[in-house]
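Hi there,

Here is the structure I promised to pass on. Have a look at it first, and then read my notes below.

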Amino acid sequence: MSEKTEIKYTAKDFSSGIDVRWCPGCGDFSILAQVQRSFPALVGIDKEKIVFISGIGCSSRYPYYMNTYGFHTIHGRAAAIASGVKTANPELSVWMATGDGDCLSIGGNHFIHLLRRNIDINVLLFNNRIYGLTKGQNSPTSEHGKITKSTPLGNVEYPINPISMAIGVEGTFIARAMDVDAKHLQSLINRAHQHKGTSFIEILQNCVIFNDGAFDFYTLKENREDRVIYIEHEKPMVFGKQKDKAIKLDGFTPKVIDLNDGKHSINDAVVYNEKSKELAYIVSQFTDNPALPMPVGVFVDINYTTFEDDMTAQIAEAKKRFGEGDVNDLLRGNSYWEID
Amino acid sequence: MNDEKTPVEPNHTQPDLVPVEDVTVRFAGDSGDGMQLTGAQFSDTVASFGNDLETFPDYPAEIRAPAGSLYGVSGYTIHFSSHDIYTPGDQVDVLVAMNPAALKVNLKDLKKNGAIIVNSDSFDRKNLELAKFESNPLEDGSLSAYNVYPIPITKATLETLKEMNLPLKTAQKCKNFYALGVVYWLYNKSPEYTLGWIEEKFKKKPELIEANTKVLKAGYYFGETTEIFNKRYEVKPAELPKGIYRNLNGNEAVALGLVSAAKRAGLNLFLGSYPITPASEILHYLSGMRQFGVKTFQAEDEIAGITTAIGASFAGNLGATSTSGPGMALKTEAIGLAVIAELPLVIVNVQRGGPSTGLPTKTEQADLFQAMFGRNGECPAPVLAAASPADCFNMTVEAARIAIKYMTPVILLTDGYIGNGSEPWKVIKIEDLPEIPVNFRTDPKDFHPYMRDEKLVRPWVKPGTPGLEHRIGGLEKQHIYGNISYDPENHQLMISQREQKVKNIANDIPELEVIGAKDAELLVLGWGSTFGAIAAAVEAQVEKGRKVCYAHLRYLNPMPKNTGEVVKKYKKVLIPEVNMGQLAKLIKMDYMVNPIQFDKVKGVPFKRSEIEAKIEEILKGN
């Protein structure tokens, strides 16, 4: 892709113009808007080279609303189909819209293999901790004990932590955002686009009908600064309205410290590092721990070669070693005889 | 081959070369004895001498089944001849048995007076017990109807190698080449081809080149210098049409077909696949073809195998996936996606015994119904079937042609028998294959994703094309415009159009050809891998003056236009199938005729003699 400095698109250019059919108040609207707003500023973006792939679920209707190439596929398989698209044509900018059920339950297998293969696909996981399209069953990210249509006596399963999972399967770009923080989400979309390799953004998203307020504890304006920590590369892990709280590591155990208690200073705070998967794992485990803030931001950003680049290199290498393949030689094989 | 036991005469002259028309040899031993390799070497060698041949590898699902066990026996049958042949042979002329279990399992297929070459070293108490022999068949007279040649193959191998000081296991592993050497001598075939192969194979292990070369030659010289055999046999080259030939198995033929079709279409080839017996070789062959730009994707499961291929087709490649029955079951939903998204895709099912895991290494025409009907909704997809190992090439190219021309997934059925089996193939030039035109739409003017041409085919657009950005998917689409549509009339229209599009393909495939007696009363109708046995049986019966003919279906959906006319023309229709009558039921349903089913589900192909007997039985009743 060529570098372009001039901005040739507006947010509107990315809208397909058809009616958006999500429920009024759904968090998906914000995610759609942030993508459409951030795309014009992405470096080297060409609208015709963008492909959105999705599976099944509310979030998977996403491609229909983008004026790009799109393929709304089958439940759980978006990661595999996107892998085929990107491998077949590495020139394309491939994005995947998926939900917690689509990505982590029925599509869990494809998702983990996408991350370990490091194919340059940008995954937007809309995590609302519920099945919306099928009207309210528990999802693989639903809390233990949660009452849903299919768990009337409470959920007896424990949830997947998508960030920890992504680290565990060797993801190279792993991030978390909130539907309600537009600016932050836009910045992560930009980072995901820049990252070469699979980029994974978990977006905490509110389902207004079946799981309304699931993230209010963290995401409501009045709660956010005290209960959410924005992690940033090479910056101390500080949060709170007054930026007066920080994270300290006591061995492997994270603790919240008060920077104004006279015993601690900013020097006690952990300095976050996106290159450390060890640290990323510890921080990812803050999630759902009531004693610790909800971490958002970029957990991991490291570089390995991508699957499609390795494949392209193998093809080039094979052509160098064996010459551009002659199909007639291939058809004849090494062992043939002639009858005349 | 008819051999009678004569006393060994005390002279050192070479025995006479007896000309024979055709011979069937089977190598059998433990699954770790290298029988598949030995058989493949023998078939490549006879092929290079210009014989026609058909082969049938038959092996257990266990990679190294317990040594000496009956279920661990692996066999490789080669039928070679001086004339055109269709099958790997009903009965075996020469059985090479590396242990008692191999003898026990294979004896039933040996001709009376047939030859048995056994490794006598393996006939010890333990192996005899494992093979459930109560006494040693080499000594108790139970093999008196055969010509038995006991050779101490293990001892001879170790003796040949004693100066090399190889580890015992390594030395013992060479013994299959001793047996191969003996058989080369017996059929007057030079071991040159295999000697060359050994040099290439063990390039990096000179001690193995030396060991295998010595043992192969020792086996050959054993035949020459001992007087154990009183005759040798000569099968003259077959009179095949002029040209260059190679030996080709069905799985390799599929791989070559895919590469060739992609070349003639000017597309890049993408194979998404998950390893499964007996289809994995297709993935292996294509993985070695990077210099042709081939991209292979060993997926995390069968579903990803097909869905990555669908993604690749959406991106403008020729997408393909290879599998066998259980994998096909997992791909079902994705095939439906390809049908409704109307994207080209080649799906190869190398069928095996079912249901469930079934018989992984054994052949069966198990999945015709699955290919025809195994999807949710009204979901028509073209279904093709290859008739022989080399025909896998033609039908793969056909599958790709239809997939591209009609924007549809195409299912190609082969099976373990023809997938692993091989025969000589007259090598074609890529230029001789018709071009497969691909017209990627680039003009944005009046473009809509579900507009259709006169054949009801929608346009194929490569993402990356400016101005043609559009969305497709698994939800029902509005005719022409491609927006999501739940409109009742639209759904009926779209279903009808998808169905008609596939039906139209009948105008674009060859008619069903009938071969045999002009005044035939009985038609033998087949599909897929039963071709060889049916053709051989009917031709033999016609020669005997019976009023019988045959026709073979390579296109199962849609069937050739004249199929109804053909099946209604004869008094009786016999349909032999390696399943419980799947084609017979389709014929009954589509054409209201009542065919005679002849079903066999034993994990092995039909023998010519079985079909001949059935034909005789039916015609006798007339």
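Let me start with a question: over the face of which ring does K104(B) lie? K104(B) is placed over F133(B), at 4.7 Å from the ring centre. A charge sits over a ring here if NZ of Lys or CZ of Arg is within 6 Å of the ring centre and within 35 degrees of the ring normal. R554(B) also has its charged end over a ring, that of F531(B), 5.7 Å from the centre.

Some housekeeping before the rest. This is a predicted model, in which local features need pLDDT of at least 70 and side-chain atom pairs count only at pLDDT 80 or more, while totals for chains, interfaces and linings use all residues. Residues are numbered from 1 along each chain as its sequence is written, chains are lettered from A and ligands numbered from 1 in the order in which they are written, and side-chain values use heavy atoms, with hydrogens and water left out.

Now the aromatics. Over all chains, the search of the whole structure gives 34 aromatic pairs (rings of Phe, Tyr and Trp, the last by its six-membered ring, with centres within 6.5 Å; planes under 30 degrees apart are stacked, over 60 edge-to-face, the rest tilted). W22(A) and Y65(A) make an edge-to-face pair, with 5.0 Å between centres and 75 degrees between planes. W22(A) lies in the segment before α1 (28-38) of chain A and Y65(A) in the loop between β1 (50-54) and β2 (69-72), so this pair ties together parts 43 residues apart in sequence (helices, H or I with at least four residues, and strands, E with at least two, are DSSP runs numbered from the N terminus). W22(A) is buried at 7% relative accessible area, and Y65(A) is buried at 4% (buried is under 20%, exposed over 50%, partly exposed in between, with a 1.4 Å probe and protein chains only). Both W22(A) and Y65(A) belong to one aromatic cluster, whose members also include F14(A), F52(A) and W95(A).

In chain B, F27(B) and F42(B) form an edge-to-face pair too, at 5.7 Å and 65 degrees. F27(B) is in strand β2 (residues 22-30) and F42(B) in helix α1 (residues 35-48), so the pair links parts 15 residues apart in sequence. F27(B) is buried at 0%, and F42(B) is likewise buried at 0%.

Finally, the cysteines: the search finds zero disulfides over all chains (cysteine sulfur atoms within 2.5 Å). C174(B) is buried at 2% and C549(B) at 0%.

Best wishes
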